[in-house]
Amino acid sequence: MHSPIRRIVVCLDGSPQGGRLGRQAAALARRLDARLIGLWGLPRPVPSAPETFARGSGAIHAVLERQALREHALLSAAREAFGALARLFGLQTEFRPVWDDNLEATALGAAGDLIVVGHPRLPGLPEGLTAERLLLACGRPVLIVPADWGGGPGGHVLIGWNGSRAARQAVDDALPLIPPDALATILVVDQAAPPPDTAELMEALHARGLGAAVRTAQSGEASVAETITKVADDLAAELVVLGGYSRSPTVERWFGGVTRSLLAAPPKPLLLSRVPAEMRPAATGDERRQVGAEGPPPASFR
């Protein structure tokens with residue numbers, strides 16, 4: 001079966017962390033036979049202090065010419081580095097430079113079926129290419145890779161499960177990334193998901209040939225995010241899958257929440273998927289009294 005992920009967008013730059021992230025995304029693209037689209041962050045060069053004192057059309061024109069040459073040199077070096085990555089992994093690629101003053105950078109993430117970003121944000125990237133902005137704006141799953149991560153998604157996968165539409169979408173989006181011999185642990189914290197929904201998910205994973213088990217936990221004095229992180233560490237999970245912003249993003253900004261906590265400190269490679277508000281069913285009267293309620297989730301699972 002062909003993977004539904006045909007285009008992977010990776011947000012990278014020329015830093016060592018950017019190079020490592022580029023290789024990780026390229027290896028994933030090769031495994032999925034996907035096209036790799038590189039959004040390469042570039043710092044816009046600024047004139048030197050003496051150049052800012054240029055006066056007269058001739059002097060100003062000379063400064064602008066030197067600026068254009070600097071930009072061209074940065075662009076050429078980045079294009080060549082990305083080309084070398086494509087040749088190394090034998091990929092079809094697209095190179096898209098993104099200057100650090102680009103106010104529309106977030107929209108570029110929509111070019112892919114999956115967006116790969118590093119944590120923390122790479123130094124050469126504009127603010128618009130943060131994981132949170134991409135998740136909220138692009139309607140695409142976002143894979144966040146910690147800077148010190150040396151492996152790749154697979155092996156043991158931890159699914160943070162609450163039965164919501166966002167959680168179901170995250171499982172759908174994660175399935176192409178999970179190797180057929182992987183083990184999936186479905187984690188239900190504080191009885192967040194009804195047992196029939198959890199059993200349905202386990203059956204769906206078994207039907208795909210994946211080993212799956214259910215684990216329950218009580219957060220107690222810890223937060224849900226801290227509980228997920230602890231279980232991920234205990235299991236040596238290589239990928240955490242979570243529905244992003246099951247509640248309203250505004251509510252999470254005001255009062256905190258699992259998504260924002262894990263975005264701030266992802267314990268492992270973290271796949272987040274979000275269901276946009278306009279795609280959610282209308283809430284019932286009881287659900288409208290709960291901030292950020294989503295209504296009953298549909299059965300999906302590919």
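Modeller: The buried residues of helix 4 are covered by, among others, strand 6 (156–160), helix 5 (195–207), strand 9 and strand 10. This is a predicted model, in which local features need pLDDT of at least 70 and side-chain atom pairs count only at pLDDT 80 or more, whereas totals for chains, interfaces and linings use all residues. Residues are numbered from 1 along each chain as its sequence is written, and side-chain values use heavy atoms, with hydrogens and water left out.

Colleague: What makes a stretch a helix or a strand, and how many of each are there?

Modeller: Helices (H or I, at least four residues) and strands (E, at least two) are DSSP runs, numbered from the N terminus. The protein has nine helices and 10 strands.

Colleague: Why is helix 4 described as mostly covered?

Modeller: A residue is buried under 20% relative accessible area, exposed over 50% and partly exposed in between, using a 1.4 Å probe and protein chains only. Of the 10 residues of helix 4 (residues 165–174), nine are buried. Among them are R165, R168, D172 and D173, as well as A166 and V171. For the protein as a whole, 49% of the 302 residues count as buried.

Colleague: What makes the peptide bond between H119 and P120 cis?

Modeller: Omega of that bond is about 0 degrees. P120 lies in the loop between strand 4 (114–119) and helix 3 (131–138).

Colleague: How is the packing of two helices described?

Modeller: Two packed helices are described by the angle between their axes and the distance between the axes. Axes are lines fitted to C-alpha atoms, for helices over the stretch in contact, and angles run from 0 to 180 degrees between N-to-C directions. The axes of helix 1 and helix 2 (residues 57–89) come within 10 Å, crossing at roughly 40 degrees.

Colleague: Why are helix 1 and helix 2 called oblique?

Modeller: Angles under 35 degrees count as roughly parallel, over 145 as roughly antiparallel, 65 to 115 as roughly perpendicular and the rest as oblique. The crossing angle is roughly 40 degrees, and helix 1 and helix 2 are therefore oblique to each other. From helix 1, G22, R23, A26, A27 and R30 make the contact, and from helix 2, L85, L88 and F89. These residues divide into five nonpolar, one polar and two charged; Ala, Val, Leu, Ile, Met, Phe, Trp, Tyr, Cys and Pro count as nonpolar, Asp, Glu, Lys and Arg as charged, and the others, Gly among them, as polar.

Colleague: What makes a group of residues a nonpolar core, and which members touch the most others in the largest one?

Modeller: A nonpolar core is a set of buried Ala, Val, Leu, Ile, Met, Phe, Trp, Tyr and Cys residues joined through side-chain atoms within 4.5 Å. The largest such core holds 82 residues, of which I8 and L36 touch the most other members. Helix 1 supplies the largest share of this core, six residues. Neighbours within four places in sequence aside, the contacts of L36 include I8, V10, A26, F82 and L85.

Colleague: Lastly, why is G14 called exposed or buried?

Modeller: G14 has 63% relative accessibility, so G14 counts as exposed. G14 is in the loop between strand 1 (7–12) and helix 1. Its C-alpha atom is separated by 9.1 Å from that of P123, 109 residues apart along the chain.

Definitions and conventions. Contact = heavy atoms within 4.5 Å.
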